[in-house]
Amino acid sequence: MPKHTFKLNGETVTVDVEDDVRVLWVLRDILGVTGPKYGCGINVCKACTSHINGKAFNPCSVQVKDLKETDEVTTIEGLPDTVGKELHPMQQAWLDRDVAQCGYCQPGQIMAAVALVKKVKAEGRAITNADLDSIRNVCRCGTYSRIREAIKQGSTKM
Amino acid sequence: MTTDQHRTPTDGVEFEDEQEAVDAAPGGLGRRHFVGYVVAGSTLAVAADLTTGAMPADAATPAAGSGTPIPSAPQIAEAYDLEDLQTQAALPTSQLITIEVDKDGVAHFALPRMEVGQGITTSTAMIIAEELDLPLSKVQVSLAPARPELLFNQLTGGSNTTVSTYTPVRVAAALAKKRLLDAAAILLGGQVALLKSKEGIISLPGGGSVTYGEAAAKAASPSTEKVDVTLKKPSEHKVIGTPRNRVDALDAVTGKKQFSMDLAVKDALPTMICRPPTVNGKPKSIKNRAAVLAMPGVTHVATLPTGVAVRARTFGQCIDAVRALQVVWNRGTVEGMDDEAVLKQLRAAQLPLAVPKVPILAKTVEASFEFMFRSGAALEPNCAVADYKDGKITVWAGLKSPLVAQANIADALGIPQTNVTVNVITGGGSFGHKLFSDGAIEAARAAKAFGKPVKLMWHRCDEPRQGRSHPMSTSRIRATVLGNSILTFEQRHTGVSTDFRHGLGERLTNLAADLPTGLGNLGFSESIFLLTQELGYNMGVVTQLLTETKNQEQFPTSSVRNIYSPDVRTASELMMGKLAEALKMDPVEFRLRFLKEERTKAVLRKVAEVANWGKTMPKGTAQGVAIHKEYKGATATIVELDCRPETVNRKIRDAVTGPRVMRATIVVDAGLVINPRGLEAQMMGGVSDGIAQALTSSSHLRNGSFLEGSWDNFFYTRQWNAPLDFQCVVMKSDSEQPGGAGEAGVASSMAATAAAYWKATGTMPTRFPILHDQTPDAFEVKPFSPPIPESPTDGLQYTY
């Protein structure tokens, strides 16, 4: 079986698995990293949102063979380490606003929020309602308003 | 003083003294003195009967009308509702729930209900923290596995958890504190009356202190004893009623919170099912079994009643195998049918509107509405882990009715129920979906067929196509108006039958002989309908009746959050709009004039004030208002809806934009509130559901199959549909009775959005969701064979 090597949450990992297995299943079924959730498997619900080299991506839609050895994959489990703290400011904002209901979509929501805020900041501007409207992550509990508040709060600390 | 042990539903509650009798709320909620048990063990374990304090409310007296409204006789739900039924259903059981305090001073409680996001582990921990004087962080609430001895007392539904567990949980916690104080008195050498307990520490002024952990071992009892216990007065509450964050929030935001598919059960490999192309089709034969077994990662293939199961190293390989399977299918249960055919069946089944004789000058106002199928799926799809060995099985799944799951799994495998262990895992949402154990039964069958543990999960595409839906329904209403009065209000709701075979029906069967008002003679659905629907207005002769087409096996249906109420209330509130027009009255003024109950009027007045009702709005935008009364409480919602072309026609990839609720204000009176922050969260979710059901989310039946296959087809509320401004006001209540929260926000939100659409566009909507006929244009239908789509490979093109 082919071997695939990439960086996951700061550590180099190597897995023995067929080329075409999507990264979500490599993370969940082989490496036991369960923060990224399955909600559709076709890059629609965004529950698996994680980061690749600091940008948001959906591992349900990437084959493991397309990861390079130098690619750094960050899941919700590795997010605090990216800022060298126990919690990323976006996670803290999530706690302050008591955003989560069932919590199933929240790892993906937070990873999407962090990437969105970084992108907006790189453009040298503050987050707008139009930016928030562009978030595609489904929250079936419907806690959208608290997600919006938390992102605005989190963005001030990033 | 009597105990609760032998109380029957018809007994009154006896009080220790007259003052308490005066203070007490109906149904014994004002009682403070109960009996609990200290259970034999090596650390402190205390218990209460789960039915303690669970008495249905007394029959309400009809509110007096004022002025022109003609008082309506009370509807059944006013006197005795679904909350009372569920609470009463528990009475014949006499089983204990236990709180343990360990050596570290942590209180442990296994809640016989399911957490699905509604926040009951948090609110229950708060109730325990309150009576035990413990910090919230020292209370651990887990979910109890299926406990057959609880009989019907382990169903999570009808927003009933806190209503039915509030008193027994307090009794157990108060008893634990009493025993800890007794033990501390011995350890500290002082009188109990002098001791102070705070934050898990008991101190004797001037005489040292002990922790709960130190006292717990001493408080343990070698034998089980019955002990009298007194609860705190509401005026002493420091935790109950204060806003608290969820106890599982940190786990949720760090990815540590475990759902069924996150559990590490040895050898439980991913398993998925190849499902039929049409609703409820059944597998006949597999044409390429050997070829699929030879695919990478695949370990097992087996035919189940609902499809063909494949087990593989990863779910990705299961998806590939499901797509490769060539299965011959038997016909489904709705072959060739579409939405219009179902509507035709419903129209044929509608009961006639039989308005009593009214004066000849009375004017008739009529309206008719249609509500389409809606998938009830949560974001976490149906799933379960199952491990079968030597005639015994252990299952882990999110199950709101674990006892029924246990029985169904035993039936499916042909083993005794005692050989089935069902562990209840927190769910990634439910909305009624997890009342049934479809995934758990399949997992059990697959585990037995394979002889190996499985982690079975539905593909997203399976959910709207083969999963349970909110049934399609119609609602016809006729009212008669004479002068300034409404003489009659007749509502006939007709639907595809709702499947209640998850246990609620069994409760009704069980209780049929005892039920007041002759409910025992009705079918389950009709009973649930009558137990939940309460118009709430004085409109002379009021009847609201349900007819369901008897096709329970035809469509997979279930209760979906708030069951009948979103549809029934949207229809009746739009009718209120027509009646207000007929009387030339403002919609809020009209409702305040005709509403029966002060609590409902109060939430309406409040929402009108906070949302600035009647303010000037730009053309193409409007406010809409609606009320709802259920779950021992009331809500009122006002939304501001933007129907201007620049909003409706916003272009977002693979999305339906449509009219947008720019601002939503909801006011709720939920009686005694445990956690206002949690209640507000449930209202926010209810508003999101109401918006979706009014505007965008539905399933389309075409040629025997539902078209929708994912969240880019089934248009639940997304960020671009969410209100830019959301406000929830929780009314202060003197009630000592907690009301329901989980479902309470849906109906008035859906109705208010519909009303706002009518006002903004000038056209009263009659088919829901309003965009039902347009949404199929917004997506390309995914193929039905193979039944699930290929996983994309272009994810790296969409990074940001």
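Predicted model: local features only at pLDDT ≥ 70, side-chain atom pairs only at ≥ 80, totals over all residues.
Okay, let's start with B:Pro786, which sits in the segment after β31 of chain B (strands are DSSP E runs of at least two residues, helices H or I runs of at least four, numbered from the N terminus).

Residues are numbered from 1 along each chain as its sequence is written, with chains lettered from A and ligands numbered from 1 in the order written.

Now the sheet. In chain B, three strands make an open antiparallel sheet, ordered β6-β7-β8; pairing takes at least two DSSP bridges. β6 (196-198) and β8 (209-211) of chain B are at the edges with a single partner strand each, so one side of each has no neighbour in the sheet. Strand β7 (residues 201-203) is joined to β8(B) by three bridges, and B:Ile201 stands opposite B:Thr211.

Last, the phi values. B:Asp133, not a glycine, has a positive phi of about 55°, in the loop between α4 (120-132) and β5 (139-143) of chain B. B:Tyr631 has phi near 55°, in the loop between β25 (621-630) and β26 (633-642) of chain B.

Buried or exposed, B:Tyr631? Buried, with 27 other C-beta atoms within 10 Å; the cut-offs are 20 or more for buried, 12 or fewer for exposed, partly exposed in between, with C-beta atoms placed from the backbone.
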